[in-house]
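Work through the two exercises below with the sequence and the model side by side, and try each task before you read its solution.

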Amino acid sequence: MGMNINMKIKGEIEKVNGKELSYSEFVERYMDKNKPVVLTGLMDHHWRASTDWVTPNAQPNLQFFSNHFGASKVQVADCDTRDFTDQKREEMLVSDFVERCLLIEGSAVRCDDQFGASNGHNLYLPYLKDWHFVKEYPEYVAYTTPMFFCDDWLNLYLDNFRMNAYSDSYQQNKEICCSDYRFVYMGVKGSWTPLHADVFRSYSWSANVCGKKRWFFLDPSQCHLVFDRNVKSCVYNIFDEVSDSKYPGFQKAIWLECTQEAGEIIFVPSGWYHQVHNLEDTISINHNWFNAFNLSWVWNLLLKDYNEAKEYIEDIRDICDDFEGLCQRNLAANTGMNFYDFFTFISYFSLANLVLLCYINGRDGSSPRVAQHLSMNIEFIRKIASEMKHMHALEGNHDCIVDMIKTFEDLRFFKFCMQVGKTYFMIHEQSSLSSDFESASMVDFVDLSVLKAHASSQVYTPENLIKFIDNVVAELDNFHVESSILSVA
Ligand SMILES: O=C(O)CCC(=O)C(=O)O
């Protein structure tokens, strides 16, 4: 096992000093262009993770984890065993994971091949993945999210609301797993992650607290090359013998690679397939997120997965009481959200952005860059709502998905609005917030009559949402602020 000799590597991912990059440059060069980048210099401002979690000789401080977080239950992948498209996982205590790592460390037959895999001994390579550390230890504050990655609708939303609100039975087992998309990863040298694109086709960022990773990336325009003829199964390990007859495009794929050192953060754009190898014992922090720039990726994935879910059960359509409902339940189970979840999500974001825009508007447009960003968000959401409308998504839905007035009066929504507002003030004004924002109440935020002026605040379908947005926007005399991407940037 080793480097696949036929693999074509085009080059390295660009590395940039994050301290010399402005937010608008990051947006323009990477987020909007959907291009990966490695950012240096963003982690040297005293993250607790970088001190507590690392020994003086730059190794994971396993003892610290055992002592402080030993009782946490986590998912540990066995990197030598495949389970469908992923590795076999086992739930265990952090203290047991630490014990396994120490066993590997003490083992003379430790894998020396940097690209890991089968290592001849009977101790498997343990890789702790997807630990919801922030959710579990909110008081500990292991790190702060770098400003470039703060426009994170996914985690802002999940801090206040739930996904899959429409499927109660499904809710229970997803309670923890969908609570947020902020993770800690910890793996021994040789542990790895198979080829994949990220959940929801979100962006991700991954910061190496200690250790070193090797990444292999495939541009989304080439992704069909790692699939079989039916576009059903994807190559699992790019360093395996990959069958030409099963994956006829594989040899044509052109890869980008990158070695990520401790203290470096990689930005993984939407839809890029990637495979990752720990070249040393490594701890990393990893978030998935999306915002206006990649919202269409999320919607397109949902649409594709919905069509597949529908096709899969087409033959039972006639005997099904609620065929559409079943498709949506399957979509939620397979993809992690369905049309209802996504539509609720964009409706809440529309309302939050409109409320904040009303607030700024009422203060003589005092924060033009924040206002531009909010306007852009609304414009992008509206665009997705129009696409949903054209695809007849939620057509025939008889349940009110969001009542804008009721939502507006919900305390959770107020907290959510404050967090969204704080995020944009922090990004664009480099300040937390003016004190009047901090002490504002919802009624200060927006003149309720603006919302109530409209015949219906009840949103059932994308048409309703578009109408609601258009009505509120018509009331806002400063909406003509330039809302193109580059004006935000
Ligand atoms: O670090 C890893 O092993 C995997 C990380 C990853 O795949 C991601 O950030 O999407």
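This is a predicted model, in which local features need pLDDT of at least 70, side-chain atom pairs count only at pLDDT 80 or more, and totals for chains, interfaces and linings use all residues. Residues are numbered from 1 along each chain as its sequence is written.

**Exercise 1.** Determine which strands are joined to strand E13 by bridges, and which residues stand opposite His 274.

Solution. Begin with the naming: strands (E, at least two residues) and helices (H or I, at least four) are DSSP runs, numbered from the N terminus. Two strands pair if DSSP finds at least two bridges between them. Six bridges join E13 to strand E10 (residues 213–218), and these two run antiparallel; three bridges join E13 to strand E8 (residues 192–196), again antiparallel. His 274 has Phe 217 as a bridge partner, and His 196 also stands opposite His 274.

**Exercise 2.** Decide whether the two faces of E13 are covered or open.

Solution. A residue is buried if 20 or more other C-beta atoms lie within 10 Å of its own, exposed if 12 or fewer, and partly exposed in between, with C-beta atoms placed from the backbone. In a regular strand the side chains alternate between the two faces of the sheet. On one side of E13, Tyr 273, Gln 275 and His 277 are buried, and on the other His 274, Val 276 and Asn 278 are buried, which leaves both faces covered. Because six of the six residues of E13 (residues 273–278) are buried, the strand is largely enclosed by the rest of the structure.
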